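Subject: Structure handover

Hello,

Here is the structure I promised to pass on to you. My notes on it follow below.

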Amino acid sequence: MSAIAIVGMQWGDEGKAKVLDALAEETDIVVRYQGGANAGHTVVVGKEKYAFHLVPSGILRENKVCVIANGCVVDPEQLVNEVEGLRARGVRIDGTNLLLSDRAHLVMPYHKLIDQLSEQKKESSGQRKIGTTGRGIGPAYVDKVARSGLRVGDLFRPDYFTRRVEERLTELNVILKSLYGQDALSAQEMAAQVLRLSGALRPFVADTAAYINAALKQGKRLLFEGAQGSLLDVDHGTYPFVTSSNATAGGAATGSGVSPKLIKTTMGIAKAYTTRVGSGPFPTELTDKTGEKLRERGAEFGTTTGRPRRCGWLDMVALRYAIEVSGADAIALTKLDVLTGHRELKICTGYQIDGQTVVRFPSDLSMVEKAVPVYETMRGWREEIEEVRSFEALPKAARQYVERIEELLTVPIAYVGVGKARDALIRRGK
Ligand code: GDP
Ligand code: IMO
Ligand code: MG
């Protein structure tokens, strides 16, 4: 038995899917445990590029079972489209290799509408918007916690489902009218619209916690695929500029119904620099030509929304904090190749805040906003490294950069990403 959580250590898009796909060769089951279609997980196989939003990134590997577990919020329309899109590209997906928890909450059309209206309202009233992906994630988790949500299993009790939609819309229609000047939504129509998709989802629906626990007892190997990143975690991230779920490793236990004792290893995924999409503090952000160069070389545009990602130097204060709250045992450092061509590289080792040097990531957002990074400067390299497949064969300056990061961390760097391709991942050590 082995159970490894793959968890983002920054603000998402660290290259989790690429590392997961590589590790998935040696696994039996891949479990998505939180978030929803706000995620955009890219796997490149030869000339083909796949972007996953709800379907776990293990689906491309033969004979693996992929699970969308209870902690996820599932937009039925998005899931049906994603499955159909993948099938059209020749990926086999059926009830034997994709399972969907009957306990997962549904993202309803009104969640997406409220997500978008709320962001627009913030913007037009001069407030700072979160910069969400507009996929209804926040409103769906709000309903879950407020006990007003609908779950996948409810799709198969149409009368109950319709009644619950009516109850929810009785309240929401008042809010939609008074806050956003929107006409009332018809509960009957909306319930019917969603229920029409239930047939397409039925083959996948299962008690996934029971499935996963039985598989662990049988000695199966599991990967837990995190979405977003530890700094977007609703408890530990840069609140309120976060997503609405636990993107830290703890989410893997509650989000799948597995004891935390069984998830023995957490592999933290971090880029060799830092990116962020949406609003919120980002101390090492570069708004100059260097930032642009990182965005261009790294193709840093959102997988889900296409928005340009904000780019900056590696931030060890934030990274050490993420490693702590997610209990990462090792790091996969991705996109080292993107750093080729810089005369020098910078690593942030501390923050200057109000004249004090701070090395612990502050919980007070205004402190993070004020933080001036303290940098260590490293020599860069000019050689392209995308074809390099051993650590020793990397340019000396690239090795020194990785080794210095490892020195500043408390955990080893087990993998180094040097390109988009499936095999562009160097394994270090044993
Ligand atoms: P995820 O959300 O963490 O799975 O990451 P995304 O898929 O949103 O973004 C990561 C992007 O970087 C994708 O386009 C990947 O194909 C790409 N990528 C992953 N690892 C590497 C790497 O080591 N080098 C380069 N150049 N690209 C990478
Ligand atoms: P993956 O899994 C990067 C960001 C949004 C926004 C905030 C809240 O691909 O790493 P939400 O729609 O979740 O309410 O938006 O979180 N965000 C992500 N940023 N990668 C993601 O997923 C993200 N999912 C959400 O940009 O700032
Ligand atoms: Mg992504």
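Let me begin with asparagine 63, which counts as exposed because its relative accessibility is 66% (buried means under 20% relative accessible area, exposed over 50%, partly exposed in between, with a 1.4 Å probe and protein chains only). Its phi is near 60°, a positive value in a residue other than glycine. Asparagine 63 sits in the loop between strand S4 (48-52) and strand S5 (65-68); helices (H or I, at least four residues) and strands (E, at least two) are DSSP runs, numbered from the N terminus.

Before I go on, some conventions: this is a predicted model, where local features need pLDDT of at least 70, side-chain atom pairs count only at pLDDT 80 or more, and totals for chains, interfaces and linings use all residues. Residues are numbered from 1 along each chain as its sequence is written, chains are lettered from A and ligands numbered from 1 in the order in which they are written, and side-chain values use heavy atoms, with hydrogens and water left out.

Arginine 147 also has a positive phi, near 65°. That residue is in the loop between helix H4 (137-145) and helix H5 (158-180), and is exposed at a relative accessible area of 71%.

A cis peptide bond joins tyrosine 239 and proline 240, with omega about 5°. Proline 240 is found in the loop between strand S10 (221-225) and helix H9 (250-254).

Now the metal. Asp13 (OD) and Gly40 (O) coordinate the magnesium ion (ligand 3) at 2.0 to 2.2 Å. The two are 27 residues apart and link distant parts of the chain: aspartate 13 is in the loop between strand S1 (2-8) and helix H1 (16-24), glycine 40 in the loop between strand S2 (29-32) and strand S3 (41-45). Donors are N, O and S atoms within 2.8 Å of the metal (3.2 Å for Na, K and Ca), and water is not among the atoms, so sites may look incomplete. Glycine 40 counts as buried because its relative accessibility is 11%.

Threonine 284 counts as buried too, at 0% relative accessibility. This threonine lies in the loop between strand S12 (274-276) and helix H10 (289-297). Leaving aside residues up to four places away in sequence, threonine 284 touches several residues, including Trp313, Asp315, Cys348 and Tyr375 (contact means heavy atoms within 4.5 Å).

As for the whole chain, there are 13 helices and 20 strands, and 57% of the 430 residues count as buried.

Best wishes
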